[in-house]
Amino acid sequence: MKVGILFAITLVLATVEEVRSDGDQPLSKIAVHRALSALHDKAYVKASPELLGLKGETSVWVNLQFSSPHPSNDDWIGVFSPANFSASTCAAENSWMTAPFLCSAPIKYQHANYSSPRYQDTGRGSLKLQLINQRSDFSFALFSGGLSNPKLVAVSGRVTFANPKAPVYPRLAQGKMWNEMTVTWTSGYALGEATPFVEWGQKGGDLVRSPAGTLTFDRNSMCGAPARTVGWRDPGYIHTAFLKELWPNTVYIYKLGHKLSDGSYVFSQQYQFRASPYPGQNSPQSIVIFGDMGKDEEDGSNEYNNFQRGSLNTTKQLIRDLKNIDIVFHIGDICYANGYLSQWDQFTAQVEPIASSVPYMVASGNHERDWPNSGSFFGSTDSGGECGVLAQNMFYVPAENREKFWYSTDYGMFRFCIANTEHDWREGTEQYKFIENCFATVDRQKQPWLIFLAHRVLGYSSASFYVAEGSFEEPMGRESLQKLWQKYKVDIAVYGHVHNYERTCPIYENICTSKEKQHYVGNLNGTIHVVAGGGGASLATFAPINTIWSIFKDYDYGFVKMTAFDHSNLLFEYKKSSDGKVYDSFRISKNYRDILACSIDSCPSTAMAS
């Protein structure tokens, strides 16, 4: 018996480093500081078409033809934006150093032999790469020497979108009121150039225009490298409009707009959304939740620890089922830009079909926020120097302070309390008070489904790295919070961070409060904890230990969907991203009196008097 336990612990410790790491950001593998010029008059890169988006497209495939007189399987193609990436675009670090030849990383790259397996023999190759409108022009560069010793061999001509400043990639989010929708988007128009607005109204009705606020930030807003150095890219201008006094469940159409200084207008394509239901409204409502999705590239570039297919598959499954989804929660580790700012544009383009149609609510994760001496609870360098700035600006959340990033939002019969695990959540802190207030202020007769969301696992997980620490959770995770979950009868808590799926029994203080696994009737007497971190990032292993409280585990990519049919019946489903099929599910059936009923450590005071 002791030998078996020792073997299990050894196996856990052997894998802990592997699963704790999300792998290197692919752009960080390029030794930008070592780049040299080795231009050859017989080498070339040709791109076509040179003018993109003539019909308003924001995503276009570009064909590349290239050749080198000294080909190697280490050769690669980098996509740069802005197109001019020579030494003239950046200054030297100080007066006694010359400016580097290359001062910014490409926005994507691909190996020269990716679609031309005989490139090393013939010296000729071709590629198809997908470009999105990112407010600037592009060039394609052929490098030899691999990623570690890049030498520039040839550069293409300039490629650009017809209007690189166009408004793009709308992201909807719930406002601070139930009948308010916010629309956030990105453009290249500064305040002095154009006035941003959203033109919107009920489908088939009159349209109005709502003004938008504009934010941006500069390199000095970043906390460190690579965000301040080779990963920096001008973020353009981020606009947010507030569409107010919406009628519940009503379909609205909208366009992003800019009035230019010469009096002309620039518009996006038309989008539509359905307004949120009134809090407590008794109608079917479906919510999707996942974490750690990251971004993908349809063209196969920027291979990120070989996890890209999961990200694309999750996105595609949500798009296919969009008519049956009312709101989405992406609970941290959003795009894994890790300080390479161009990747945020890539991500907002990837999720545009979803985020432009239903509220896309985000939470803060370690890859958005963490940086030493920046106020984050954890002192890692996981954000790549972004220290929360990109997440706070690229997506709107109805928080009182967007730097703190904790907030609540109501959707019909649901109340969601979203924590920020990159700030202290323990008892006595400001966030702890917020969490209790979020639980305490909900009217459970109207909103019976109380859901807690957070990035790091503050509940229960069988992930190898948590088991190696002996915690089965984020250290100090549930110690303060479990009494709040119990007191206010939180139904379900969902986390990311661990890249797999796991569901517990209803549980309180490590003890299952029900032996049921599929259909819970009445008072749960505990909270069901779910890890849903398999959105797309490289999968995390489970420890070879089976606990009583772990009901279902899956080492695969997926997401969860909750559907409240009415005030008494909720269906929970776990779906794989590969096929969209349900692999785990349960139901909760309860009445208001079950919420009022006495539970373990949660019994209201009573009097002897009648």
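Start with the largest nonpolar core, which has 69 residues; such a core is a set of buried Ala, Val, Leu, Ile, Met, Phe, Trp, Tyr and Cys residues joined through side-chain atoms within 4.5 Å. Buried means under 20% relative accessible area, with a 1.4 Å probe and protein chains only. Select F329, Y360 and I492, the residues with the most contacts inside this core. F329 touches I287, V288, I289, F290, M361, T409, F416, I418 and L453, leaving aside residues up to four places away in sequence; contact means heavy atoms within 4.5 Å. A second, separate core of 28 residues includes C417, V442, V490 and V498.

A note on what you are viewing: this is a predicted model, where local features need pLDDT of at least 70 and side-chain atom pairs count only at pLDDT 80 or more, while totals for chains, interfaces and linings use all residues. Residues are numbered from 1 along each chain as its sequence is written, and side-chain values use heavy atoms, leaving out hydrogens and water.

Next, select Q130 in strand β7 (residues 124-132); strands are DSSP runs of E with at least two residues, and helices are runs of H or I with at least four, numbered from the N terminus. Q130 is buried, at 16% relative accessible area. Among the residues that Q130 touches are W61, K108 and E298.

Now move to helix α4 (residues 342-350): 9 of its 9 residues are buried, so the helix is largely enclosed by the rest of the structure. Among them are W344 and F347.

Finish at L142, which stands opposite A154 in β9.

Terms used
Buried means under 20% relative accessible area, exposed over 50%, partly exposed in between (1.4 Å probe, protein chains only). Two strands pair if DSSP finds at least two bridges between them.
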